[in-house]
Amino acid sequence: MIRTQVSLSEEEYEAAKLEARRLGISLAELLRRSLRSILPVDASKPWMRFAGMIVTGDPESSQHIDEVVYGHKG
Amino acid sequence: MGTKGEAYVDTSAFIAFVDRSDSYHDLFRRLFDDPPSLVTSVQVVAEGHAWFLRRYDTYRALQFLSLIEEMEPLEVLDTKTADVEQATTLLRQVSDQRLTLTDAIGLSLMRLRDVEVCWSTDFHMGSTGISLAIHGV
């Protein structure tokens with residue numbers, strides 16, 4: 001493990017501590033997890049870090065693009 | 001002309017890839033993890049960007065553009081006036097279908113480049129006999 005220092009605003013620090021407590025993990029572990037989520041897993045395929053980056057809750061979201069972009073069809 | 005095995009990527013494939021709740025997410029995660037040569041259109045990029053702006057915010061919309069930039073096997077094809085004319089002709093031929101100009105330009109580009117497979121969850125994209133990846137990859 002490499003030790004490093006990170007400067008956070010008071011709000012960021014409080015929010016991160018709250019989230020770590022909610023998940024039952026340390027602040028350091030929360031920061032490690034956050035970092036892993038934005039770094040590419042495989043450096044040869046950097047685009048794969050975007051796989052599943054959002055959760056719309058709609059299992060048919062990819063089939064409703066026109067409604068979102070162009071509005072409901074008459 | 002296109003290379004053998006080249007696939008055209010529609011907006012819906014990108015959205016299925018990024019949205020963990022989409023029922024086609026696992027399929028497109030697998031496909032994008034080991035892709036052949038891919039092509040798409042400027043209009044698809046604009047449509048995807050607009051989708052993120054409408055549904056989320058500028059941060060997410062910029063992440064989508066980063067996805068496009070970082071996807072090395074993907075080429076974003078220029079659209080020429082002739083492509084738009086061909087797409088307009090196609091829209092007139094199938095005016096009973098709710099195709100967008102982006103869909104029609106995609107279909108025209110696929111025809112022009114001899115692309116046989118389309119990565120899309122939109123059944124309209126299979127309307128000209130093009131194989132959809134969701135039907136058997």
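1. Let's start with burial in chain A: of its 74 residues, 11% are buried. Here a residue is buried if 20 or more other C-beta atoms, placed from the backbone, lie within 10 Å of its own; it is exposed if 12 or fewer do, and partly exposed in between. Please keep in mind that this is a predicted model, in which local features need pLDDT of at least 70 and side-chain atom pairs count only at pLDDT 80 or more, while totals for chains, interfaces and linings use all residues. Residues are numbered from 1 along each chain as its sequence is written, and chains are lettered from A and ligands numbered from 1 in the order in which they are written.

2. Chain A has three helices and zero strands, giving the pattern α-α-α along the sequence. Helices (H or I, at least four residues) and strands (E, at least two) are DSSP runs, numbered from the N terminus. The radius of gyration of chain A is 18 Å, well over the 11 Å that the globule rule gives for 74 residues, so this chain is more spread out than a compact globule. That radius is taken over C-alpha atoms, and the rule is 2.2 Å times the number of residues to the power 0.38. The C-alpha trace of chain A spans about 55 × 35 × 20 Å along its principal axes.

3. Now for chain B, with six helices and five strands. Along the sequence they follow the pattern β-α-α-β-α-α-β-α-α-β-β. The radius of gyration of chain B is 14 Å, in agreement with the value near 14 Å for a compact globule of 137 residues. Its C-alpha atoms fill a box of roughly 35 × 30 × 25 Å, taken along the principal axes. Buried residues account for 40% of the 137 residues in chain B.

4. Two strands pair if DSSP finds at least two bridges between them.

5. With β1(B), the parallel pairing of β2(B) runs over two bridges, and V39(B) is the bridge partner of Y8(B). In a regular strand the side chains alternate between the two faces of the sheet. In β2(B), L38(B) and T40(B) point one way while V39(B) and S41(B) point the other way, and all are buried.

6. D114(B) is in the loop between α6 and β4 of chain B. Its phi is near 65°, a positive value in a residue other than glycine. Is D114(B) buried or exposed? With 11 C-beta neighbours inside 10 Å, D114(B) counts as exposed.

7. Helix α1(B) makes a contrasting case. Eight of its eight residues are buried, so α1(B) is largely enclosed by the rest of the structure. These buried residues pack against α3 (65–70) of chain A together with β1, α2, α3, α6 and β4 of chain B.

8. The largest nonpolar core has 41 residues, of which A7(B), Y8(B), V9(B), F17(B) and W119(B) touch the most other members. Helix α1(B) gives the most to this core, with six residues. A nonpolar core is a set of buried Ala, Val, Leu, Ile, Met, Phe, Trp, Tyr and Cys residues joined through C-beta atoms within 7 Å.

9. Finally, where the chains meet, 30 residues of chain B are in contact with 24 residues of chain A. Contact means that the C-beta atoms of two residues, placed from the backbone, lie within 7 Å. On the side of chain B that touches chain A, the largest share, six residues, comes from α1(B). The residues on that side divide into 10 nonpolar, eight polar and 12 charged. Ala, Val, Leu, Ile, Met, Phe, Trp, Tyr, Cys and Pro count as nonpolar, Asp, Glu, Lys and Arg as charged, and the others, Gly among them, as polar.
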